[in-house]
Amino acid sequence: MGTTLVTPTYDLRVWQDEQLGKIWRVAYNDGEAETVISFPDTAALGDFIAEQLGLNLLDTLGEQDSTWAWSWS
């Protein structure tokens, strides 16, 4: 009996939309269609990404900075 390795992949984009009051947006494609979700702050965004993808937001340099560090859990 052979072993099969399955690796989930996501096409994930994260950006801050200034036209909508600087809310955070996530677009991801899980194989069927692109889904776009909005978040009021990085805490809510980090919670979603941790729950859905198993990634944890380690650090931000503030709400205005787009440089983030992520860890895989």
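Which exposed residues does the face of helix 1 turned away from its buried side carry? Asp 47 and Glu 51. Exposed means over 50% relative accessible area, buried under 20%, and partly exposed in between (1.4 Å probe, protein chains only).

This is a predicted model: local features need pLDDT of at least 70, side-chain atom pairs count only at pLDDT 80 or more, and totals for chains, interfaces and linings use all residues. Residues are numbered from 1 along each chain as its sequence is written, and side-chain values use heavy atoms, without hydrogens or water.

**Helix 1.** Select residues 42–53. Helices here are DSSP runs (H or I, at least four residues), strands likewise (E, at least two), numbered from the N terminus. The 12 residues of helix 1 reach 16 Å from first C-alpha to last. Now colour its buried residues: Thr 42, Leu 45, Gly 46, Phe 48, Ile 49 and Leu 53.

**The ends.** Go to Asp 41, which caps the N-terminal end of helix 1. A side-chain oxygen of Asp 41 lies 3.3 Å from the backbone nitrogen of Ala 43. After the helix comes Gly 54, with a positive phi near 75°.

**The rings.** Show Tyr 28, Phe 39 and Phe 48, a cluster linked by ring pairs. Rings of Phe, Tyr and Trp (its six-membered ring) pair with centres within 6.5 Å; planes under 30 degrees apart are stacked, over 60 edge-to-face, the rest tilted. Tyr 28 and Phe 48 sit 6.0 Å apart, centre to centre, with planes at 45°, so this pair is tilted. Phe 39 and Phe 48 are tilted too: 5.2 Å and 40°. Phe 39 is buried at 8% relative accessible area, Phe 48 at 15%.

Notes:
The expected span of a helix is 1.5 Å times one less than its number of residues. A polar contact is a pair of N or O atoms within 3.5 Å; within protein, one must be able to donate a hydrogen and the other to accept it, and residues adjacent in sequence count only if both atoms are side-chain atoms.
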